[in-house]
Amino acid sequence: MVRPPLTPEERLRGEHLGTMLRQARGERSIVEVAAAAGMSAETLRKIETGRIATPAFFTIAALADVLGISLDHLATRTTPAPT
């Protein structure tokens, strides 16, 4: 199954998500947070840089738990306002 290319909006949303996660991580190391969330540091690095723009729900849920941020907060901050 070939995945369709991401839209510009999806890419932008992924970049916003990555920025929020990076800010929430603060001074903690990427290795520490990734291990606590059950993923590799490389996967977290790709999410934070927007290279994985649409990570799986359970991946984001694990990161939100480790970082102490709510999924509602992430959803409202990464969902574009209606035009």
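Which helices do the buried residues of α2 pack against? They pack against α1, α3 and α4, where contact means heavy atoms within 4.5 Å. Before you go on, note that this is a predicted model, in which local features need pLDDT of at least 70, side-chain atom pairs count only at pLDDT 80 or more, and totals for chains, interfaces and linings use all residues. Residues are numbered from 1 along each chain as its sequence is written, and side-chain values use heavy atoms, with hydrogens and water left out.

**Stop 1: α2.** Select Ile30, Val33, Ala34 and Ala37, the buried residues of this helix. Buried means under 20% relative accessible area, exposed over 50%, and partly exposed in between (1.4 Å probe, protein chains only). Helices are DSSP runs (H or I, at least four residues), numbered from the N terminus. Now click Val31, Ala35 and Ala36: these are exposed, on the other side of α2. Just after the helix, Gly38 has a positive phi of about 80°.

**Stop 2: α1.** Move to residues 8-25 and select Gly14, Leu17, Gly18, Met20, Leu21 and Arg25, which are buried. Seen down the axis, the buried residues of α1 fall within an arc of 165°, so they line one face of the helix; the arc is that of the directions from the helix axis to the C-beta atoms. Turn to the face pointing away from that buried side to find Pro8, Glu9 and Gln23, which are exposed.

**Stop 3: α5.** Finish at Leu71, in residues 71-78. Leu71 counts as partly exposed because its relative accessibility is 33%.

Technical notes:
Helix = DSSP H or I, 4+ residues; strand = E, 2+ residues; numbered from the N terminus.
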